[in-house]
Amino acid sequence: MDPQGTVGEALRHQGVSRRSFLKFCAAMASMMGLPPDAAAAIAESLAKARRPSVIWLPFQECTGCTESLTRSNSPTVESMIFNMISLDYHETLFAAAGEAAEAAREKAIKENFGRYLLLVDGSIPTGLDGAYSCIGGVSNVQMLQEAAKGAAAIVAIGTCAAFGGLPKANPNPTGAVPVSALVTDRPVINVSGCPPIPVVITGVLAHYLTFGSVPELDALGRPKAFYGDTIHDRCYRRPFYDQGKFAKTFDDEGARSGWCLYELGCKGPVTYNACATVKWNDGTSFPIESGHGCLGCSEPDFWDKGDFYKALPTGTWSAGRTLAVAAAAGAAVGAAAAAVSRRRQAAIAKEK
Amino acid sequence: MSALQDIAVKVIGPGGLSGNVEALLHEIATLLAALATEGRSSSIDLQGLPLTPADREYLRQRLGAGEVRALVNALGPSEVRETAYRGVWWVTHRNAADELCAELIEVTPVPQILLADRQEIVDALERLRLCLCDGAARGP
């Protein structure tokens with residue numbers, strides 16, 4: 001049960017080549033915005049780092065965050081982090097069950113007290129004394145509080161663990177709260193998103209393994225390396241927003257031309273995440289690129305922040321004035337474009 | 001019924017050269033000087049720089065090609081290309097899904113990723129010896 005040896009030795013025993021490891025370090029350095037020379041330093045310290053014991057506690061969750069991370073069958077650059085850690089308890093993934101699994105958790109906590117990393121997904125229900133979610137007769141509240149005592153750091157994975165997520169949405173029948181509401185004396189890193197981008201989770205763990213410390217966090221406890229910019233700041237459709245070209249419905253001329261989805265409810269301007277740059281499914285696409293506005297899933301209480309399909313009110317974010325101007329200009333340009341479009345459609349119809 | 005590729009997406013964004021390539025070449029020269037006089041290796045992360053696609057192409061042209069082109073297969077393809085300037089290498093790392101992981105200009109005698117690791121050499125010797133033992137045991 002003790003994590004054996006160093007990260008370097010663990011990778012070697014698992015048949016991960018040194019070159020693959022160097023590639024992983026180069027990718028991590030690049031993704032975390034560190035200078036490339038840091039890759040060599042990361043490789044050196046990571047190889048020598050003691051393989052940390054990691055305990056994953058799933059609470060009131062849909063398992064989407066676990067799914068997001070574990071979909072690969074063979075080691076990839078992104079999933080190599082799992083070769084580096086010693087995952088000593090993960091209820092969903094564990095082969096063991098029942099008392100054997102519970103015993104494994106207790107043993108891992110006891111033997112690595114003060115040193116293990118605690119990963120949590122799902123919110124924690126506090127209603128009815130925590131009875132809404134129990135594992136082996138122990139409420140989530142109790143389990144979290146016990147496990148947090150000996151944790152070096154806690155990573156709240158997904159919006160449910162970070163901010164309460166869907167269970168916390170109005171009327172919050174189970175009294176769901178985020179990890180940070182119950183754990184106040186240990187460092188908590190919020191990796192929000194519904195689910196979070198897999199490689200973001202990897203990056204946070206890699207940072208912790210390499211530097212032995214929590215990365216720089218924003219006001220909501222999210223690592224700035226991934227949550228420093230809004231979707232709007234890095235969106236490839238930004239030129240259309242700036243020119244006032246907005247899609248009005250999901251299948252109009254504007255939508256087909258890939259115009260800005262602001263008027264269809266996109267929450268990009270107020271959402272901090274790495275979707276616009278890192279993207280999803282190995283960099284394939286992200287919601288806006290696929291034609292649907294951002295839901296703001298990495299922000300607190302996004303389920304209760306109004307209609308997903310209604311535009312953000314002007315003035316809710318700092319560029320309110322610019323937005324009004326852009327919208328007005330957009331309306332004018334849009335009207336003109338619509339007129340041109342109608343004339344063109346009429347011409348085509350006449351030709352037929 | 002129109003196909004996915006028929007949906008017109010017109011992106012009007014900044015194109016052309018930004019002028020950053022000249023600055024980058026000057027930086028490479030400085031790093032190459034450090035390599036020549038002090039033997040100090042260094043690298044530049046191209047992903048962190050504001051380079052347009054035209055810039056990248058222009059940089060490739062300016063740096064040219066050298067004698068070495070190596071393909072490394074480690075959890076996906078990585079390519080190591082020597083430029084026309086000895087000691088300046090263009091290294092591209094891709095993952096198993098052929099997605100770009102990192103792109104670097106390395107100023108060094110030879111990029112680290114090409115070297116065989118010490119511990120792996122020791123492991124390989126053990127494996128080879130075992131293999132030879134097996135061969136001998138099966139015998140003529």
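# Briefing on a predicted two-chain model

Val138(A) is found in strand E6 (residues 138–139) of chain A; strands (E, at least two residues) and helices (H or I, at least four) are DSSP runs, numbered from the N terminus. This is a predicted model, in which local features need pLDDT of at least 70 and side-chain atom pairs count only at pLDDT 80 or more, while totals for chains, interfaces and linings use all residues. Residues are numbered from 1 along each chain as its sequence is written, chains are lettered from A and ligands numbered from 1 in the order in which they are written, and side-chain values use heavy atoms, with hydrogens and water left out.

- Val138(A) counts as partly exposed because its relative accessibility is 22%; buried means under 20% relative accessible area, exposed over 50%, and partly exposed in between (1.4 Å probe, protein chains only).
- Leaving aside neighbours within four places in sequence, Val138(A) is in contact (heavy atoms within 4.5 Å) with Ser133(A) and Met143(A).
- From Val138(A) to Thr66(A) the separation is 72 residues in sequence and 21 Å in space, C-alpha to C-alpha.
- Thr210(A) belongs to helix H11 (residues 198–211) of chain A, and it counts as buried because its relative accessibility is 10%.
- Not counting residues up to four places away in sequence, Thr210(A) touches Ile42(A), Ser45(A) and Leu46(A).

**Chain A overall and its sheet**

- Chain A contains 16 helices and 9 strands, and 52% of its 352 residues are buried.
- Of the contacts in chain A between residues at least 6 apart in sequence, 76% join residues at least 24 apart.
- Strand E1 (residues 53–58) and strand E3 (residues 116–121) of chain A are parallel and share 5 bridges; Leu117(A) in E3(A) is the bridge partner of Val54(A).

- Chain B has an open sheet of 5 strands in the order E1-E5-E4-E3-E2, with antiparallel pairing.
- Strand E1 (42–45) and E2 of chain B stand at the edges, each with a single partner strand, so one side of each lacks a neighbour in the sheet.
- Here the twist averages 20° from one strand to the next.
- E1(B) is joined to strand E5 (residues 100–107) of chain B by 4 bridges in the antiparallel sense, and Ile44(B) stands opposite Ile105(B) in E5(B).
- E2(B) and strand E3 (residues 77–82) of chain B are antiparallel over 5 bridges, with Pro77(B) in E3(B) as the bridge partner of Asn73(B).
- These two strands, E2(B) and E3(B), form a hairpin with 3 residues between them, and Leu75(B) in the turn has a positive phi of about 50°.
- In a regular strand the side chains alternate between the two faces of the sheet.

- Helix H2 (residues 18–31) of chain A lies across E1, E2, E3, strand E4 (88–94) and E5 of chain B, at about 95° to E5(B).
- Helix H1 (residues 20–38) of chain B lies across E1, E4 and E5 of chain B and runs at about 165° to E1(B).

Definitions and conventions: Pairing = 2+ DSSP bridges. Axes fitted to C-alpha atoms, helices over the stretch in contact; angles between N-to-C directions.
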